[in-house]
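Keep the structure open beside the text and look up each residue as it comes along.

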Amino acid sequence: MSIRAPRKGENYELSVDLNSEYREKRKDAIKRTIASMTVGKDVSGLFPDVLKNMQTDDLEQKKLVYLYLMNYAKTQPELVILAVNTFVKDTDDPNPLVRALAIRTMGCLRAEKIIDYLCDPLQKCLRDENPYVRKTAALCVAKLYDLKPELVIDNGFLEQLHEMIADSNPMVVANTVAALTDIHIAATSQPGTSSSDPGVFVITTSILNKLLIALNECSEWGRVAILNALARYVAQDEKESEHICERVVPQFQHVNGSVVLAAVKVIMIHMRGVRREELTKQLVRKMAPPLVTLLSSPPEVQWVALRNINLLLQKRPDVLSNEMRVFFCKYNDPLYVKVEKLDIMVRLASENNVDALLSELKEYSSEVDVDFVRKSIKAIGQTAIKIESAAERCVNVLLDLISTRVSYVVQEAVVVMKDIFRKYPSTYEGIIPVLCSNLDELDEPEAKASLIWIIGEYANTIDNADELLGIFVDSFTEEAYPVQLQTLTAVVKLFLKKPDSSQGIVQKVLNTATKDCDSPDVRDRAYIYWRLLSMDPAAAKAVVLAHRPPISIPRTTVAPALLEELLGEVGSLASVYHKPAETFIGKGRVGADSVRKGGELSEDQFSTQKALQTVVAGQQAENLLDFDDGPGLEGQPSGLAATEVLSNTPAAANLLAGTSSNPLDDLVSIFGGGGSGGLSLAPSTFGGGGFGMPITPAPVTPASGYPASKPNVQSPPQQQDDLLGLF
């Protein structure tokens, strides 16, 4: 039961006024109660007093009381029963607004005790003579299904909804479709749902015709509901696909962006069934003006439109081929809108409009927003890679930008030039001296790594390449890891191209990388290069100076199958994030947290399996640095099969199942339990300092103090394996 308010304070005054004999005073007290509730104050103690004011002819007061009831029904379920009689009485009120308000509020209360009283009034309202009451009751069925599905099925509400699709009022049809769609989503989210389940909403040809008739008469949200249903419909033949497209095209002219995107979705889905090339081109041409109109919306709507346009262009690049100028950035566009526009401009770039695009991008590169400037310069590089005939013009624009000597502009331009060199090797070697002269401007790892790559790649054409690389070798240990990796590779390239003049520098960088470097990646690469150079310089040349295919810009940023799926979700969050809905939303009553936790769990299991495979591979390779073609291990399982064998050990099985409580299980599983069955990993050391001496692994000798393992010796089980038993 509720706790009465103390005999002082604001709630006590409200309680007195709610019980006043004057109607205006009671109404004012209800307004003040709702105001307190809205700002987060607890006024649940006034529940009985507010409930007394429920029976009134004043519609405004009734709405306020119903609003209060909806808010506190969960915390006071036993008191809500007292309001049932008034609700039932209101569903027979001569005023349709009161009837609709009563049935809507009963559906929103979500209290278990009131559900059973809801069925009879709902039956009456579904057959009400007034369409406003019918459309409200239709949505109430969906809310009831969410609470108690069996009640909806037993009372025949679903059959009544299916009958209401043929209603004469288009708003009733729209709300009925919305309710049936919600029920369909809830029903199909349950595991083991079959197509014969009563909750599954199957759109037949007769339903399709009724929806198409109601489409032009509905409000904007009604149209969205019907269009989403049309998107689910599977056309029987080409003629039906064409018919749907022709009936939906007029929705492109709607003022609401959500209706436009829903119509685009229906057209994109049903265009798959259209075989006539002429009609397809006509539909694509009609799609352009409404999409352009969306760009005059507020920034947030623009961004949603741009994300959807990005998807559409990946499927149909010709949709907006003549509309490049509408995507030019305005001075007051937020950064997130500008970035999307840049991406779309590069997608739309062609030989016809590339000059206008380059002059626009050059203008953006003098803006004050550093992030936007960087992305604009990157867009210039992408344009050069995409359109070969415009590459020289792009390079000239980049040289103009480098000449500004603005640090972040120069650095981004160097990064972009590296990509252009990869696309067009040996074409723009003349600008390398300009890039090298800006060496002092570079302080970011990516820019340094890019210039080092260029120097290493064209070491035979740069006279002072050893001096330039020497600068980075001297500061090797102070540089970021990507710079260290690039320096290492570039120096090895220099040595392979000019062995006489660069032996000292390569010796120095390999010594530094193997002895003084913290990164295992850098050390490993240095060891591999050292081994290659000392054993077989020809093999080193084949590996390090191997021919690389030129890079290109992918036409799509998502996989083709995913693209088709996302085009069926245009206008939803999936098409904005460019990800399937199940990756960020749970189905039915399962929340996004459950999906995320499930994903993390499966990822952990996958990581464990992968780690075991790696360990098995390591056990089967006697020496990681021994590249000689020796005989393989006969009869030894490899890959997944090897992990099956390894997981037979109790420790590894516990580790895979996630039930391990022993901190040594990781080690136990790695070495296969005991010393009898596992293969030993032979440690290796690098012998010799110069390139003339081959590097050989040191022989494996048993460590002093540990006897050799004896096979077939049974030891009593211990609660916790000690470390000595592992070896």
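Tyrosine 458 has a relative accessibility of 5%, so this residue counts as buried. Please keep in mind that you are looking at a predicted model. Which ring does tyrosine 458 pair with? Its partner is phenylalanine 421, with 5.2 Å from centre to centre and 55 degrees between the planes, and the pair is tilted. Phenylalanine 421 sits in helix H24 (residues 407–423), whereas tyrosine 458 belongs to the loop between helix H26 (445–457) and helix H27 (465–474), so the pair ties together parts that are 37 residues apart in sequence. Phenylalanine 421 is buried too, because its relative accessibility is 1%.

This is one of six aromatic pairs. Another brings together tyrosine 66 and phenylalanine 87, whose ring centres are 5.1 Å apart and whose planes meet at 40 degrees, so this pair is tilted. Here, too, distant parts of the chain are linked: tyrosine 66 is in helix H4 (residues 59–72) and phenylalanine 87 in helix H6 (residues 84–90), 21 residues apart. Tyrosine 66 counts as buried because its relative accessibility is 1%, and phenylalanine 87 does so at 0%.

Stay in helix H4 for a moment, where you will also find tyrosine 68. With a relative accessibility of 1%, tyrosine 68 counts as buried. What does tyrosine 68 touch, leaving aside residues up to four places away in sequence? Its contacts are Thr33, Ile34, Met37, Val43, Ser44, Leu46, Phe47 and Val50. The side chain of tyrosine 68 also reaches the backbone oxygen of valine 43, at 2.6 Å.

Now for the interior. In soluble globular proteins, nonpolar side chains tend to be buried together. In this model, the largest nonpolar core has 202 residues, and Leu69, Leu230 and Phe421 have the most contacts inside it. Helix H17 gives this core its largest share, ten residues. Leucine 230, leaving aside residues up to four places away in sequence, touches Leu208, Leu211, Leu212, Leu215, Val248, Val266 and His270.

Leu230 is among the buried residues of helix H15, and so are Val224, Ile226 and Leu227. This helix covers residues 220–232 and reaches 19 Å from its first C-alpha to its last, close to the 18 Å expected. What covers its buried residues includes helix H13 (170–188), helix H14 (205–215), helix H16 (238–248) and helix H17 (257–270).

Between H16 and H17 there is a loop, and asparagine 256 lies in it. Is asparagine 256 buried or exposed? At 14% relative accessibility, this residue counts as buried, because the cut-off is under 20%. A polar atom of its side chain lies 2.7 Å from the backbone nitrogen of serine 258. Beyond residues up to four places away in sequence, asparagine 256 touches Glu220 and Trp221.

One more ring deserves a visit: lysine 338 lies over the face of phenylalanine 372, at 4.8 Å from the ring centre.

Finally, step back to the whole protein. Its 727 residues include 44% that count as buried, and there are 38 helices and zero strands. Among contacts with a separation of 6 or more, 65% join residues 24 or more positions apart.

Notes
Residues numbered from 1 in each chain as written. Predicted model: local features only at pLDDT ≥ 70, side-chain atom pairs only at ≥ 80, totals over all residues. Heavy atoms only, no water. Helix = DSSP H or I, 4+ residues; strand = E, 2+ residues; numbered from the N terminus. Expected span 1.5 Å × (residues − 1). Buried < 20%, exposed > 50% of the residue type's maximum accessible area, 1.4 Å probe, protein only. Contact = heavy atoms within 4.5 Å. Polar contact = N/O pair within 3.5 Å; in protein donor to acceptor, adjacent residues only side chain to side chain. Core = buried A, V, L, I, M, F, W, Y, C linked by side-chain atoms within 4.5 Å. Phe/Tyr/Trp six-rings, centres within 6.5 Å; stacked < 30°, edge-to-face > 60°. Lys NZ or Arg CZ within 6 Å of the ring centre and 35° of its normal.
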